[in-house]
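Student: Can you walk me through this one? I have not looked at it before.
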Amino acid sequence: MSYPKEKLLEMYRSLLGDRILEERLIELYAQGWVPGHIHSGVGEEASYTGVLATRREGDCYKFTHRNVSAYSDVGVSYRHIFCEILGRMGGNSEGKGGINHIADKDKGVIGMAGALGCDIAIATGVSYALKLQSSGNMVYCFLGDGTTSRGPVHEAMNWAGVWKLPILYIVNNNEFSISTHVSEGCSIPNPGAGRAAGYGMPAKLVDATDVLEVYDAAKELSDYVRSGNGPAVLETKGYRWRGHFEGDQARYRDAAVANEWHKRDCVKNLESYLKEKDLLSDAEIEAIREETKAAIEDGIAFAEKAEQPKLSAIYDNIFAEPYEN
Amino acid sequence: MLVTYAQAINAAMKEEMRRDDKMVIFGEDVAQHGGIFGVTRGLWDEFGSDRVKNTPVSENAIAAVGVGAAVFGLRPCIEFMYSDFMLVAYNEIFQSVSKWRYLHGPQYSVPLVIRSAAGSAFGAGAEHSNCVESLFLHSPGLTMITPSTAYDAKGLLKSAIRSNNPVLFFEQKQLYQVKEEIPDDEYLIPIGVADIKRPGKDVTIIAVGLMVRRALEAAEKLAAEGIDAEVIDPRTIAPLDRETLFGSIRKTHRAVIVEESSKTGGLGAEWAAMIQEELYDSMDAPVQRVAALDVPLPYNVAYEVAAIPDADRIISAVKTLF
């Protein structure tokens with residue numbers, strides 16, 4: 001398939017931005033800036049970038065605890081993201097939600113539930129609201145291979161199939177739910193794509209280290225979903241480079257296998273492709289890298305200086321105002 | 001007009017569906033069939049398949065789809081066949097319905113009503129008879145309404161549907177077919193306002209749901225014995241109308257709490273603690289709780305009747321205060 005240059009560069013910028021953010025987050029956590037836990041998605045960026053390159057104005061998104069960099073791909077500013085991660089003013093929740101609840105409704109972000117999987121049905125509910133608008137918009141709902149074992153996921157997928165809702169479920173299969181290998185959690189090889197037929201959904205399986213392969217499949221499935229055919233599943237097969245959360249040494253798995261996966265780097269893969277096609281030079285790569293880094297550092301510096309929430313506001317936002325419509 | 005409690009609830013939904021085209025209804029068997037208790041009867045016929053929908057038997061998803069639809073522009077009024085089944089979706093209700101706004105910020109609100117049939121119904125058994133309000137008291141962000149009359153049910157459900165916040169609405173199965181005269185004209189009842197069902201001066205009986213009728217029956221019998229009981233129906237369990245309750249207790253200096261669910265960890269436990277904290281100096285006697293026995297509600301009807309408070313048990317509790 002051939003791609004417009006602008007599309008390729010857009011994907012490259014997004015991929016690189018996500019990589020830098022995921023790496024920088026590890027440092028921030030190590031320095032003690034993050035109140036909770038972080039789940040680095042370094043190495044898995046293409047599953048988000050490739051899919052989100054098919055989005056349209058008015059679409060909605062349900063992300064996960066891993067790859068919080070995805071929020072920047074849909075337009076949430078780095079300042080906002082880092083303020084929320086640090087629990088400061090300047091994010092969305094005024095210090096109450098944190099890294100797992102980065103959100104911006106105007107950008108279509110749905111939010112996230114702490115018990116993984118429960119929010120798959122919430123995202124499905126959003127797709128019902130979009131369907132009634134008849135706008136051709138859809139929901140992109142991301143989840144991991146471990147989450148596919150939760151009951152609510154199956155309730156949601158079954159429901160979406162019956163109501164023919166406009167939602168694409170992206171199962172990011174990185175082989176591990178904390179320490180448990182996917183083969184111990186699911187009796188078939190592909191926990192997303194393999195189960196889709198049971199809910200009347202088409203599915204595709206792609207290499208999560210090849211952003212163009214991810215994009216092609218996401219394009220085909222999102223076109224299908226937007227056309228009113230109902231939901232679909234895209235499973236991206238990759239590998240979790242780091243532990244479940246920072247501090248997890250991942251001693252439960254074979255380091256040699258992990259090292260092999262590190263060689264299949266989605267950012268480098270796209271860089272090689274772009275250089276081969278003469279679409280991007282080393283100097284341009286360096287310029288994009290510096291520009292992206294500067295934007296991320298600005299976000300971090302802003303958040304580090306941002307105000308702490310006032311303790312007197314602890315009861316704010318339990319209820320919406322006005323209470324009644 | 002003379003309507004049953006179920007018809008009053010139905011009328012509230014119909015009026016609000018006509019008023020706001022963002023309102024939708026879904027749940028198990030709510031469309032063509034009109035719900036197993038017939039409460040949504042006729043709504044599918046009038047409003048069609050986009051707005052009145054049957055769902056799969058998937059309680060987790062019913063609650064969660066409700067959240068997503070509510071956050072992104074709809075105003076869902078969804079049905080859980082039995083309030084017991086809200087426990088299947090306990091996580092969704094306790095963690096997501098109630099906290100979505102707090103965790104994601106002021107851009108987000110959850111204008112969602114979850115209706116369900118609650119309480120005993122002569123042989124429905126231990127898993128179809130529970131009153132679960134107390135289990136949800138512990139999650140800030142939830143509004144809970146338990147109406148004891150057709151009039152209250154209609155006016156409060158309309159307010160619940162118009163609320164920008166999530167509401168759990170507990171309908172009393174034994175009241176569904178009880179007829180009552182209600183106004184022909186539209187009316188609303190504000191959330192968070194208790195109703196004095198019978199004024200009195202000697203003792204305050206706080207009763208919830210089906211127990212309001214039993215408390216009123218007890219009050220009449222007590223009157224014959226010279227004890228003038230005030231019966232208060234909080235109507236809204238959360239937020240609680242503390243002012244009305246406290247005003248009454250300051251006057252009577254005695255309080256009895258009557259609920260249909262079991263005693264341990266119930267509404268009465270919370271409210272008795274609250275009353276002792278706030279009104280200790282006004283009290284002439286300890287707060288009494290009249291509640292179901294601490295047993296899974298048995299199937300045999302004689303067992304069931306024995307487990308749930310009746311007027312005589314309320315009378316006995318009141319008499320210990322004098």
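Student: What does the lining of the largest cavity have, by class?
Tutor: This is a predicted model, in which local features need pLDDT of at least 70, side-chain atom pairs count only at pLDDT 80 or more, and totals for chains, interfaces and linings use all residues. The lining has four nonpolar, four polar and three charged residues. Nonpolar covers Ala, Val, Leu, Ile, Met, Phe, Trp, Tyr, Cys and Pro, charged covers Asp, Glu, Lys and Arg, and the others, Gly among them, are polar.
Student: Which residues line the largest cavity?
Tutor: Among them are B:Cys131, B:Thr146, B:Val208 and B:Glu259. A cavity is a set of points on a 1 Å grid over the protein atoms alone where a 1.4 Å probe fits but cannot get out, and lining residues have an atom within 4 Å of a point.
Student: Where does it lie?
Tutor: Between domain 1 (2-181) and domain 2 (195-319) of chain B, because both give residues to its lining. Those bounds come from an automatic or database domain assignment.
Student: Which strand gives the most to that lining?
Tutor: Strand S13 (residues 255-262) of chain B, with three residues. Strands (E, at least two residues) and helices (H or I, at least four) are DSSP runs, numbered from the N terminus.
Student: New topic. Which peptide bond is cis?
Tutor: The one from B:Ala238 to B:Pro239, with omega near -5 degrees. B:Pro239 sits in the loop between strand S12 (236-238) and helix H9 (242-252) of chain B. Residues are numbered from 1 along each chain as its sequence is written.
Student: And what is the phi of A:Asp278?
Tutor: Positive, about 60 degrees, although A:Asp278 is not a glycine.

Technical notes: Chains lettered and ligands numbered in written order. Heavy atoms only, no water. 1 Å grid on protein atoms, 1.4 Å probe; cavity = no way out; pocket = protein on both sides within 12 Å on 5 of 7 lines; lining within 4 Å.
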